[in-house]
Amino acid sequence: ETFIGSDNRKGGDLAGEYLAQALHDHGNVAVIEGFAGHETGDQRKGGFNDAIARHPGIHIVASQPANWEQEKAFNVTQNVLQAHPEVQGIFCCNDVMAMGALEALSSANRKDVLLVGFDASADARKAIKAGTMLASVAQYPSEMGRISVESAVNLLGGKSLPPYIPTKVEVIDKSKL
């Protein structure tokens, strides 16, 4: 009857706006995508691209898939850093890939590159707290569950539901830990 979940495009947009502000509206960024053609990853990347398009001083110099995998993201990030040493920020479409990117940044001694992920996982929160990762977009599964139960009750009570009920997404940075 309905889909209840995160607005991935909005989350990507929030990540892009946050990174653009952190870069003071100037710089070069890269995107580490999930699977090419995967709806969730495409929405996150699309939202990020929308945000960056509103900041003409920021340029996306690379956008490559890493298939939601940490090791693949490590390799993709290494390649991006070699091809585009001017990269100042990276957005990863999930935190698993952000951990791979973080490892590549560390091995290249690139503490100057700002990294934003998506999911606000425990590992990402530790990296944010340690100052090695800038931020991550949080989703709220407990809110999805609560709204799902409420929606089921409403549906059983004869109420109609909209086709999509978005749940909260927000940027988590050091100030929110």
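Trainee: Is Phe48 buried or exposed?
Mentor: Phe48 lies in helix H2. Helices (H or I, at least four residues) and strands (E, at least two) are DSSP runs, numbered from the N terminus. Buried means under 20% relative accessible area, exposed over 50%, partly exposed in between (1.4 Å probe, protein chains only). Relative accessibility is 0% here, so Phe48 counts as buried.

Trainee: What model is this, and which atoms do side-chain values use?
Mentor: The model is predicted: local features need pLDDT of at least 70, side-chain atom pairs count only at pLDDT 80 or more, and totals for chains, interfaces and linings use all residues. Residues are numbered from 1 along each chain as its sequence is written; hydrogens and water are left out, and side-chain values use heavy atoms.

Trainee: How far is Phe48 from Gly11 in space?
Mentor: In sequence, the two are 37 residues apart. In space, C-alpha to C-alpha, Phe48 and Gly11 are separated by 8.0 Å.

Trainee: Which residues does Phe48 touch, leaving out those up to four places away in sequence?
Mentor: Contact means heavy atoms within 4.5 Å. By that test, Phe48 touches Gly12, Asp13, Ala15, Gly16, Leu19, Val29, Val31, Ile60 and Phe91.

Trainee: What angle do H1 and H2 make?
Mentor: Two packed helices are described by the angle between their axes and the distance between the axes. Axes are lines fitted to C-alpha atoms, for helices over the stretch in contact, and angles run from 0 to 180 degrees between N-to-C directions. H1 spans residues 8-22 and H2 residues 39-53. Their axes are 6 Å apart, and the packing angle is about 40°.

Trainee: Which class of orientation do H1 and H2 fall into?
Mentor: Angles under 35 degrees count as roughly parallel, over 145 as roughly antiparallel, 65 to 115 as roughly perpendicular and the rest as oblique. The angle is about 40°. H1 and H2 are therefore oblique.

Trainee: What is the handedness of the H1 and H2 crossing?
Mentor: A crossing is left-handed if the near helix is turned anticlockwise from the far one by less than a right angle, and right-handed if clockwise. The crossing of H1 and H2 is right-handed.

Trainee: How many charged residues does the contact of H1 with H2 have?
Mentor: The contact residues include Arg9, Asp13 and Glu17 of H1 and Arg44 and Asp50 of H2. Ala, Val, Leu, Ile, Met, Phe, Trp, Tyr, Cys and Pro count as nonpolar, Asp, Glu, Lys and Arg as charged, and the others, Gly among them, as polar. The nonpolar residues number five and the polar seven, and the charged residues number five.

Trainee: Which residues does Thr77 contact, leaving aside neighbours within four places in sequence?
Mentor: Thr77 is in helix H3 (residues 70-83). Thr77 is buried at 0% relative accessible area. Its contacts are Ile32, Ile90, Ala101 and Ala104.

Trainee: What is the handedness of the H4 and H5 crossing?
Mentor: H4 covers residues 95-107, H5 residues 122-130, and their axes come within 9 Å and cross at roughly 45°. That makes H4 oblique to H5. H4 passes H5 in a crossing that is left-handed.

Trainee: Which residues of H5 make the contact with H4?
Mentor: H4 supplies Asp95, Met99 and Leu102. From H5 come Asp123, Ala124 and Ala127.

Trainee: What is the phi of Trp68?
Mentor: Trp68 sits in the loop between strand S3 (58-65) and H3. Trp68 is buried, at 17% relative accessibility. Trp68 is not a glycine, yet its phi is positive, about 65°.

Trainee: Where is Ala120?
Mentor: Ala120 is not a glycine, yet has a positive phi of about 55°. Ala120 is buried, with a relative accessible area of 8%. Its place is the loop between strand S5 (114-119) and H5.

Trainee: How many disulfides does the structure hold?
Mentor: A disulfide is a pair of cysteine sulfur atoms within 2.5 Å. The sulfur of Cys92 is 7.7 Å from the closest cysteine sulfur, in Cys93, which is too far for a bond. Cys92 is buried at 0%, and Cys93 is buried at 0%. The number of disulfides is zero.
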